[in-house]
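Here is a briefing on the structure shown below.

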Amino acid sequence: MANRVSWSLATAALLGLSAYFVSGSLIIGGGVLICSFACFFLLVGPLLSGYVRSKRRREEAGAFISSYLLSLSATSSHEKAFNAACVGIKGELKGIVESISALSAMEKVEYLAGYFDESVYPMFVSVLKLHQEQGGDVLRLSGELLSESSRVLEEGIAFHGAGIRIFVQFCLMWGLSLLVLIFMKLGLSQFGDYLDGSLATFGSTIAYFALLLLSIAAFAARFSDGKFAFFGKRRSKRK
């Protein structure tokens with residue numbers, strides 16, 4: 001929470017100062033600062049936090065499933081497999097595991113389905129139940145599961161990389177446009193008194209920063225929902 005307040009306030013202050021410099025109005029600069037802080041703290045911050053949490057749980061699920069199955073194949077013990085899968089866990093997952101220590105291994109596995117909110121984890125639980133009923137080689141039974149888990153992790157890594165590249169392009173585009181406004185203000189400083197008090201300057205400044213904040217919110221929403229992955233799949237299919 002403290003980190004979100006810090007970076008939200010710093011970014012909002014930068015945009016507020018830019019709006020004040022371009023418009024020459026303390027009211028517009030203060031309005032942009034307040035609106036920017038509200039946008040980053042109340043909307044963008046929670047969206048990105050949700051994405052980070054989902055990404056972390058997806059990676060934890062992949063590591064947990066792989067470790068559990070390998071240990072189960074070697075020891076034929078669900079208790080030992082669960083303990084092996086929990087080696088090195090930390091944070092929220094560690095707290096949950098410690099809180100359910102009294103349950104059996106399979107009960108713990110089923111309980112964690114509420115934490116690992118991923119499409120792969122229900123397949124994992126089904127494979128373990130099938131193995132309990134029919135026996136056999138658990139690695140052979142889980143071949144499709146492991147392939148799907150690897151695919152999900154690889155797609156997550158590819159999506160994250162694509163999202164970072166798009167984010168850099170997004171920042172460059174809006175950053176350069178803001179620099180153009182600032183340079184225009186400096187270049188037309190001889191008309192500063194006229195420009196600072198004109199309705200056209202006020203209106204264009206408000207419109208620019210409103211569009212900027214809307215674009216940031218839309219980008220954060222699409223990124224947190226994994227929308228960029230959809231476009232990546234379409235491009236790969238065309239190729």
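Contact means heavy atoms within 4.5 Å. This is a predicted model, in which local features need pLDDT of at least 70, side-chain atom pairs count only at pLDDT 80 or more, and totals for chains, interfaces and linings use all residues. Residues are numbered from 1 along each chain as its sequence is written, and side-chain values use heavy atoms, with hydrogens and water left out.

**Confidence**

**Glu 60**

- Glu 60 sits in helix α2; helices here are DSSP runs (H or I, at least four residues), numbered from the N terminus.
- Glu 60 counts as buried because its relative accessibility is 18%; buried means under 20% relative accessible area, exposed over 50%, partly exposed in between (1.4 Å probe, protein chains only).
- Not counting residues up to four places away in sequence, Glu 60 touches Lys 90, Leu 93, Tyr 115 and Phe 116.

**Largest pocket**

- A pocket is an open set of points on a 1 Å grid over the protein atoms alone, with protein on both sides within 12 Å along at least five of seven lines; lining residues have an atom within 4 Å of a point.
- The largest pocket holds about 590 Å³ of space; grid points are joined across faces, edges and corners, and a volume is the space filled by probe spheres set on the points.
- Its lining has 25 residues, with Phe 40, Phe 167, Phe 170, Cys 171 and Ile 216 nearest the centre.
- At least two lining residues come from each of α1 (2-23), α2 (26-75), α8 (143-187) and α10 (199-225).
- Helix α8 gives the largest share, 9 residues.
- The pocket lining has 20 nonpolar, 5 polar and no charged residues; Ala, Val, Leu, Ile, Met, Phe, Trp, Tyr, Cys and Pro count as nonpolar, Asp, Glu, Lys and Arg as charged, and the others, Gly among them, as polar.

**Largest cavity**

- The structure holds 1 cavity of 30 Å³ or more; a cavity is a set of grid points where a 1.4 Å probe fits but cannot get out.
- The volume of the largest cavity is about 60 Å³.
- Two or more of its lining residues come from each of α2, α6 (120-134) and α8, and α2 has the largest share with 4.
- The cavity lining includes Arg 58, Glu 118, Tyr 121 and Ser 149.
- By class, the cavity lining has 6 nonpolar, 2 polar and 2 charged residues.

**Leu 213**

- Leu 213 belongs to helix α10 and is buried, with a relative accessible area of 12%.
- Its C-alpha atom is separated by 6.8 Å from that of Ser 36, 177 residues apart along the chain.
- Leaving aside neighbours within four places in sequence, Leu 213 is in contact with Leu 15, Cys 35, Ser 36 and Cys 39.
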